[in-house]
Amino acid sequence: MCAISGALSAGRKSFDLLGVAIVALVTAIGGGTLRDVLLDRYPIFWIADPTYLLVILASAALTVLYVRFRDPPYRALLIADALGLGFFTISGAQVAESKGLPAIIVILMGAITGAAGGLFRDVLSAEVPLLLRKGELYATAAIIGAAMYLVFEAIHLPRPLCATLGAAVVIGLRFAAIRWRIALPVFRAPGEEDSRAD
Amino acid sequence: MCAISGALSAGRKSFDLLGVAIVALVTAIGGGTLRDVLLDRYPIFWIADPTYLLVILASAALTVLYVRFRDPPYRALLIADALGLGFFTISGAQVAESKGLPAIIVILMGAITGAAGGLFRDVLSAEVPLLLRKGELYATAAIIGAAMYLVFEAIHLPRPLCATLGAAVVIGLRFAAIRWRIALPVFRAPGEEDSRAD
Amino acid sequence: MCAISGALSAGRKSFDLLGVAIVALVTAIGGGTLRDVLLDRYPIFWIADPTYLLVILASAALTVLYVRFRDPPYRALLIADALGLGFFTISGAQVAESKGLPAIIVILMGAITGAAGGLFRDVLSAEVPLLLRKGELYATAAIIGAAMYLVFEAIHLPRPLCATLGAAVVIGLRFAAIRWRIALPVFRAPGEEDSRAD
């Protein structure tokens, strides 16, 4: 899902096909890689299981193909992106939790896993990261979702329910931000003014 | 101190409040985190002791509050920034030294610990890093200070004195650069042309 | 060789001398450092043997001196850069291979070692990375060269020959890209529009 977002972002910058693949990879695995390096968790998840890379590259390729033939349905893409943020955030929090780390680190690792990939994507595109701009609620959604996940656990809800509810909080906040125009959509029309290099 | 510099820099880019917190965190812990990762020194200092994160977030919050009510006294902020650079540089050098690493690595780790956070801050803001621009003497001060710290040790001054003198060299060089306008001040007026995203 | 490319790129941005040294260091050791961190391979190569740093700094200093007295011969520089890409790519692939990692990781580590330094260089300069732009074949050359290296091994060519041929593929592809103007040269005239900060 993050791979799709990365591929679309790269497409707007007139990168070449390999550039699209690189940006898709960095967007999709950047957050989890930073988490694994910070937590000294080796081998890093995509080195332990390179299937991740193949799935990401296939997603990026399908996205590129799809976009070539018709405009992407932005609503569907926003949904894919929000689902990815919710899933990655909670899984990142769970990794930190399984290491017995304190709550603030668990929340931070959730947010890093969910949101750092998009931050790397924007840095690679020489843009001020979306994550940091007013009115996106992107990292906010990840942080609140990860914190609620811990709250759900503290009140002894069953663990799978905690994860599902935590992810739902992330996704719900992102949707709320988009629907009530608290935030600009992540995928704006390709016609936006982009600083086309060369 | 670096947290304050990060928060102020973020405020100029019209980031949202969480964006300010993220930039403050990255500025304050970025250098030490890179040092710990490069030296395979786990757990990373702010995971070992998350109090760091709380202190940084509190500093950033106070800075935001303060700036909301009155303009920051740039002189005071420059002093805070220089003190932070001096302190972090020497502590970074000491970490590398305690691992028995050669002098060039000790100096480099000092400079990384002191100055890399500001570099990450600028990259996040899609700006050419201040660190690299003409006339700042930022990294220069860190490198010379760390080198002098090793010289002071080599001539067998007492260890705490070495650290204090080393930090004083860093701070003195930064002050000299600012006072004699060898350098532009780090915190310029908020009215500077900033590429307001959106 | 990458040190030279970094120094020249920094020179175009009117960095100070230390900024040039930092960019040269990051360009030259960035890729191998990222590879070592991702593979949990400590101590990192330039901490294990700081001679690397001295050679890089000397190369950067010579480049700065040279450029001060006469314009660099771009053809020679392109050759140096292509040789560096070929050499670093294959050595990065060999490191991953010696850890018994699967082919896709070997190829990726080769590309990271060869090309990530230049990517860091561009991010530090707040530019859209060359690596990602249309028509450079930079990362493409690294990926194809690393893959061919594995193919040469699979058909049981002698190991030193595999490495030489793999590097030759990388270098040949870069030269082809430049000669037939598939790509813009990496080192364009210093007169290009550069966003001179300050």
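Predicted model: local features only at pLDDT ≥ 70, side-chain atom pairs only at ≥ 80, totals over all residues.
Start with confidence. The model scores ipTM 0.81 and pTM 0.85. Chain A averages a pLDDT of 81, and 75% of its residues score at least 70. Confidence in chain A is lowest in helix α1, residues 2-12, where the mean is 64. It is highest in α3(A), at 95. Residues 183-198 of chain A have a pLDDT below 50. Even so, that stretch has 26 contacts in the model beyond near neighbours in sequence.

Now the fold of chain A. Its secondary structure comes to eight helices and zero strands. Read from the N terminus, the order is α-α-α-α-α-α-α-α. Chain A has 198 residues, and 54% of them count as buried. Consider the contacts in chain A between residues at least 6 apart in sequence. Of these, 69% join residues at least 24 apart.

Next, the helix pairs. Two packed helices are described by the angle between their axes and the distance between the axes. Take α2(A) and α4(A). Helix α2 of chain A covers residues 17-38, and helix α4 of chain A covers residues 51-69. Their axes come within 9 Å and cross at roughly 125°. The two helices are therefore oblique to each other. The crossing of α2(A) past α4(A) is right-handed. From α2(A), the contact draws on V20(A), A21(A), A24(A), L25(A), A28(A) and I29(A). These meet Y52(A), L53(A), I56(A), L57(A), A60(A) and V64(A) of α4(A). By class, the contact of α2(A) with α4(A) holds twelve nonpolar residues, no polar ones and no charged ones.

Turn to α7(A) and α8(A). Helix α7 of chain A spans residues 138-154, and helix α8 of chain A spans residues 159-179. Here the axes come within 8 Å and cross at roughly 155°. An angle over 145 degrees counts as roughly antiparallel, so α7(A) and α8(A) are roughly antiparallel to each other. Their crossing is right-handed. On the α7(A) side, the contact residues include T140(A), A141(A), I144(A), G145(A), M148(A), Y149(A), F152(A) and E153(A). On the α8(A) side they include C162(A), L165(A), G166(A), V169(A), V170(A), L173(A) and R174(A). The contact of α7(A) with α8(A) has 14 nonpolar, three polar and two charged residues.

Chain B supplies another pair, α6(B) and α7(B). Helix α6 of chain B runs over residues 103-124, and helix α7 of chain B over residues 138-154. The axes come within 9 Å and cross at roughly 140°. That angle makes α6(B) oblique to α7(B). α6(B) passes α7(B) in a right-handed crossing. The α6(B) side of the contact is A103(B), V106(B), I107(B), G110(B), A111(B), G114(B) and A115(B). The α7(B) side is Y138(B), A139(B), A142(B), I143(B), A146(B), A147(B) and L150(B). By class, the contact of α6(B) with α7(B) divides into twelve nonpolar, two polar and no charged residues.

Then the loops. D40(A) lies in the loop between α2 and α3 of chain A. With 16 other C-beta atoms within 10 Å, D40(A) is partly exposed. D40(A) and L62(A) are 22 residues apart in sequence, and their C-alpha atoms are 34 Å apart in space.

Finally, backbone geometry. Most residues other than glycine have a negative phi, and most peptide bonds are trans. Some places in this model depart from that. The peptide bond from Y42(A) to P43(A) is cis, with omega near -5°. P43(A) sits in the loop between α2 and α3 of chain A. In chain B, the bond from Y42(B) to P43(B) is cis, with omega near -10°. P43(B) is placed in the loop between α2 and α3 of chain B.

H156(A) is not a glycine, yet its phi is positive, near 60°. H156(A) is found in the loop between α7 and α8 of chain A. It has 8 other C-beta atoms within 10 Å, so H156(A) is exposed. H156(C) also has a positive phi, of about 60°. H156(C) lies in the loop between α7 and α8 of chain C. With 8 C-beta neighbours inside 10 Å, H156(C) counts as exposed.

Key:
Residues numbered from 1 in each chain as written. Chains lettered and ligands numbered in written order. Axes fitted to C-alpha atoms, helices over the stretch in contact; angles between N-to-C directions. Helix = DSSP H or I, 4+ residues; strand = E, 2+ residues; numbered from the N terminus. Parallel < 35°, antiparallel > 145°, perpendicular 65-115°, else oblique. Left-handed = near helix turned anticlockwise from the far one by under 90°. Contact = placed C-beta atoms within 7 Å. Nonpolar A, V, L, I, M, F, W, Y, C, P; charged D, E, K, R; others polar. Buried ≥ 20, exposed ≤ 12 C-beta atoms within 10 Å, placed from the backbone. pLDDT = per-residue confidence, 0-100.
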